[in-house]
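Dear colleague,

Please find below the structure that I am handing over to you. My findings follow it.

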Amino acid sequence: MVGSYRFSFGPWNIHEGADPFGPTVRPSVAFAQKLKLYKQLGFDGVQFHDDDAVPELENLSPAEITKKASDVKKMLDGEGLVAEFVAPRLWESPKGIDGAYTANDPQCRRWAVERSKRMIDICNALGTRLVVLWLAREGTYIRESKNPLDSHKYLVEALNAMLQYDAQIEIAIEPKPNEPMDHAYIPTVGHALAIGHQTVDPKRVGGLIETAHALLAGLDPSDEMAFALSAGKLWSVHLNDQNGLKFDQDKSFGAANLRGAYNQVRVLELAKYYETGRFVGLDVKAMRSQKAEVAHKHLVTSRAVFLRLVEKVRSFPEGVAKQCITDRDYEALELAVLEHLMGD
Ligand code: GLO
Ligand code: MG
């Protein structure tokens, strides 16, 4: 039964451990090597940034980009893997310093849209329709540096340009309230769906919800997921965990708040997410202190916790819950949930 979920992660989730205060602590793992790990660890889907699939794409022609992405598709086929989505990595280029779609410089805004079109070419070559937009630097460090009304207009224009470039793609916006920016535009999934409704094709704009991002916005990730699910707009998730309002930690799923993780799984189960064919994505990072040889275990841990929590949701004594609700005895329900989670 629990096998009915499909799992994915991105190559960036196996990483060298650099942080803003120190350099790398582990050697790089080659992309082909990472691909070999997917099936071994129980994963079927690969999440891509455009330049994960086609490094240095800025120096290549559209035809060369498509050719290189087609070669990656062959590698995926060879490993029995599929591409889940592609996301444009606009935040590492000098042209994206001031934001990309919302940069004050019109040339930078044009660059962002052009690069997004190449990203869509990569989607097509990899055989996926799903685009993910994490709007990393779309926002400000200083409020007065942008006209926020213009910024939201630029975001709609960029979404429209992508939707019009390709009639098949679907765009899942991955909201995040801060980091790297002080304040980011589109901080929650409510904002994401609302801006989707201003585009030329709202039914092709949905959301990807990351646990940590919802927590950083002071929201409950399971309710954020329920909101998107109720609109048929939860097109992927980035499950992880977060120990309070700090930097975006990307801890293993359930590592900081097991009950919160349980509730996220419960919502996915209530919505029968596993029937949609959508992936359960894990956006988790190895601890910097983790040795190189075991720096993939955060993925194994997160998947195992997810599957264990599916069992917990499915085996919860619903009759007890029903009685507690009838009696309006929510303390009894609290204890029943905690006892169920703690086990024998
Ligand atoms: C960072 C985001 C980032 C995205 C990824 C895919 O906070 O979670 O990892 O998920 O770039 O767009
Ligand atoms: Mg993420």
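Is Met181 buried or exposed? Met181 is buried, with a relative accessible area of 5%, where buried means under 20% relative accessible area, exposed over 50% and partly exposed in between (1.4 Å probe, protein chains only). This is a predicted model, in which local features need pLDDT of at least 70 and side-chain atom pairs count only at pLDDT 80 or more, while totals for chains, interfaces and linings use all residues. Residues are numbered from 1 along each chain as its sequence is written, chains are lettered from A and ligands numbered from 1 in the order in which they are written, and side-chain values use heavy atoms, with hydrogens and water left out.

Met181 is located in the loop between strand E6 (170-174) and strand E7 (183-184); helices (H or I, at least four residues) and strands (E, at least two) are DSSP runs, numbered from the N terminus. Setting aside neighbours within four places in sequence, Met181 is in contact (heavy atoms within 4.5 Å) with Ala136, Arg137, Glu138, Gly139, Thr140 and Tyr141. Between Met181 and Val265 there are 84 residues in sequence and 30 Å in space, C-alpha to C-alpha.

The metal site comes next. Glu174 (OE), Glu210 (OE), His238 (ND1) and Asp283 (OD) coordinate the magnesium ion (ligand 2) at 2.0 to 2.2 Å. Donors are N, O and S atoms within 2.8 Å of the metal (3.2 Å for Na, K and Ca), and sites may look incomplete because water is not among the atoms. The arrangement is octahedral because the six donor atoms around the magnesium ion (ligand 2) subtend angles of 81 to 169°. Six donors count as octahedral if opposite donors are over 155 degrees apart and all others between 65 and 115. Along the sequence, the spacing of the donor residues is E-x35-E-x27-H-x44-D. One pair links distant parts of the chain: Glu210 belongs to strand E8 (residues 205-210) and His238 to strand E9 (residues 234-239), 28 residues apart. Glu210 is buried, at a relative accessible area of 1%, and His238 is buried, also at 1%.

Ligand 1 is surrounded by 13 residues, of which the closest are His49, Glu174, Lys176, Glu210 and Asp283; a residue is counted if one of its heavy atoms lies within 4 Å. An N or O atom in the side chain of His49 is 2.6 Å from an oxygen atom of ligand 1.

His213, in helix H7 (residues 211-216), is buried, with a relative accessible area of 3%. Its side chain reaches the backbone oxygen of Pro175 at 3.0 Å. Among the residues that His213 touches are Trp134, Glu174, Lys176 and Asp248.

The largest nonpolar core has 82 residues, and Tyr101 and Phe306 have the most contacts inside it. Such a core is a set of buried Ala, Val, Leu, Ile, Met, Phe, Trp, Tyr and Cys residues joined through side-chain atoms within 4.5 Å. Its largest share, nine residues, comes from H4. A second, separate core of eight residues includes Trp12, Val132, Ala172 and Trp235. Ile122, found in helix H4 (residues 106-126), is buried, with a relative accessible area of 0%. Ile122 touches residues including Asp50, Leu57, Ile65 and Val86.

Yours sincerely

Key
Four donors count as tetrahedral if all angles lie between 85 and 135 degrees; four count as square planar and six as octahedral if opposite donors are over 155 degrees apart and all others between 65 and 115; anything else is irregular. A polar contact is a pair of N or O atoms within 3.5 Å; within protein, one must be able to donate a hydrogen and the other to accept it, and residues adjacent in sequence count only if both atoms are side-chain atoms.
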